[in-house]
Amino acid sequence: MNNAIEIRGLCKSYGDFSLQNIDLTLPGGSILGLIGENGAGKTTTMKCILNLIRRDAGEITVLGRDSIAQEREIKQDVGLVMDECFFHDVLRPLDVGRVLAPAYRDWDAGLFRDYLDKFGLPEKKYIKEFSRGMKMKLSLAAALAHHPRLLILDEATAGLDPVVRDEILEEFLGFICDEDHSILISSHITSDLEKAADYIAYLHGGRVVLSAAKDDILDNYGRVGCTREQLAAIDPAELVRVRRETFGCEALVADRAAFRRRYPDLTVDKIALEDIMLFIGKGEEL
Amino acid sequence: MSGLILKDFLTARRALRSYFTIPIFYFVLTVMGMFDLTFVTVFMTLLVMLLPMGAFSYDEQAKWDRYAMSLPLGRRGVVGARYLFALLLALFAGAFGTAVCAVLSVTGKGDLLESLLTILATLAVCIWMVAILLPLCYKLGPERARIYMFVLVFAPIILMFLAVRLGIHIDLSFLDGLSDGALMAGFALFPLSGLLALGVSYFVSCAIVERKEF
């Protein structure tokens, strides 16, 4: 299976913030979840993929094609949903279909209407009367109606209630059932990515600080709870990050089985993606 | 590209509705002899100048540009759609103006030649304005570009007022010596020069948008 996205040495500087040598790969037929704090560079990375901004250095290949030289062909196969709805308030879903149809070679008006029905979106109601959830569903219907092979989703589930979020996640999982389909999704809601993603890349301060298969991360990373004295006795090379609290310390380890073998007296627990983010974002390096 | 042109018409449909209702009302009053051709020139100006500017404002409100640039149309395609929208409005305004002139002439409410020359001159001014304003909208955004629109509209009026106050008179009496055909041909060059300016303006806007980040 070819890679849906390959990013090598991507750099983009805004002066006060820069993406630094980003290397990312989204294997075809899978979901890559991009996590990171606000301003970590997730949206900037996605904008570089879509050529919405100019990169300073690096190469990006999307669906086996160069993202600059073959931009228009690539975009025929890409569906985009961002954290807000870009359709004008005075349009109706029916209008959105008519506006987008000529832009895409494979626009499927029947499929678009099916999605509107499935999501319960009245085709003649003005978008200004839609709730946030309805707007995001409309964006998703528009992104899926031209039979894309790659979905790029930037905080697409942000601000949605759990029911709508679950519905949309189901749709992503349905989309990925086709082995030719792939999804790049950024989200602060790490629990969603734990459910759906195959791979996780963590961006921190414009760099990729963690990139691996989600199962490998969740199976291997762990949290050690200990006292300051116990922490001092641990080989710093074993610890990814450390957090010192009033009543003790916590440390993030990259291989909890190996750590357990080496320090059998210490407790190592499984850790969720959100806690890994907190460790890397707020913890200290030894 | 046709989808984006349709989008501009759809987002402007409320404005279009009022722009069309009012001229019909004035048209009836003009046929009844209560107004002159001025209403057509005002209508044409509103249509050709304000609607493309309005389209930028609607897009800015919806943050549409970022989405439009992610469509498989290319940046030139997105800019081209906006120019075609403006051009269609200009063509429609010209056709409407000509039709009104014909009706007024048939009903004996105006001189056909004079009316047509007025329409051609108005159309030319509008197209030139659009050719200047669209790149400004891409560069500065619709709100800041609007300031330049007011400058473009009022500067000639102020200059003419000053010219009159200073006793500067431009002798246009040579126009009386020209045949009707020569006058029409001469005035027809004005909108054509506007179309040429619109073509140059398109390339300027493309260059601005190529450098822009979304």
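In this predicted model, strand S3 (residues 31-36) of chain A pairs with strand S8(A) in the parallel sense over four bridges, where helices (H or I, at least four residues) and strands (E, at least two) are DSSP runs numbered from the N terminus and two strands pair if DSSP finds at least two bridges between them. Within this pairing, A:Leu34 stands opposite A:Ser186 of S8(A). Strand S7 (residues 150-154) of chain A also pairs with S8(A) in the parallel sense, over five bridges, and here A:Ile152 stands opposite A:Leu184. From S7(A) the chain crosses through helix H6 (residues 162-176) of chain A to S8(A) in a right-handed β-α-β crossover, a term that applies if, with the strands pointing away from the viewer, the path from the first strand over the helix to the second runs clockwise.

Strand S8 (residues 182-186) of chain A is largely enclosed by the rest of the structure, because five of its five residues are buried, that is, under 20% relative accessible area, with exposed meaning over 50% and partly exposed in between (1.4 Å probe, protein chains only). Both faces are covered, with A:Ser182, A:Leu184 and A:Ser186 buried on one side and A:Ile183 and A:Ile185 buried on the other.

Over all chains, the structure holds 26 salt bridges, each a side-chain nitrogen of Lys or Arg within 4 Å of a carboxyl oxygen of Asp or Glu. In one of them, the closest N and O atoms of A:Lys12 and B:Glu213 are 2.8 Å apart; because A:Lys12 lies in strand S1 (residues 3-13) of chain A and B:Glu213 in the segment after helix H8 (180-211) of chain B, the pair joins two chains. A:Lys12 is buried, with a relative accessible area of 6%, whereas B:Glu213 is partly exposed at 29%. Another salt bridge links B:Arg13 with A:Asp95, with the closest N and O atoms 2.7 Å apart, and crosses between chains from helix H2 (residues 13-31) of chain B to helix H3 (residues 93-100) of chain A; both of these residues are buried.

Residues are numbered from 1 along each chain as its sequence is written, while chains are lettered from A and ligands numbered from 1 in the order in which they are written. Local features need pLDDT of at least 70 and side-chain atom pairs count only at pLDDT 80 or more, whereas totals for chains, interfaces and linings use all residues, and side-chain values use heavy atoms, with hydrogens and water left out.
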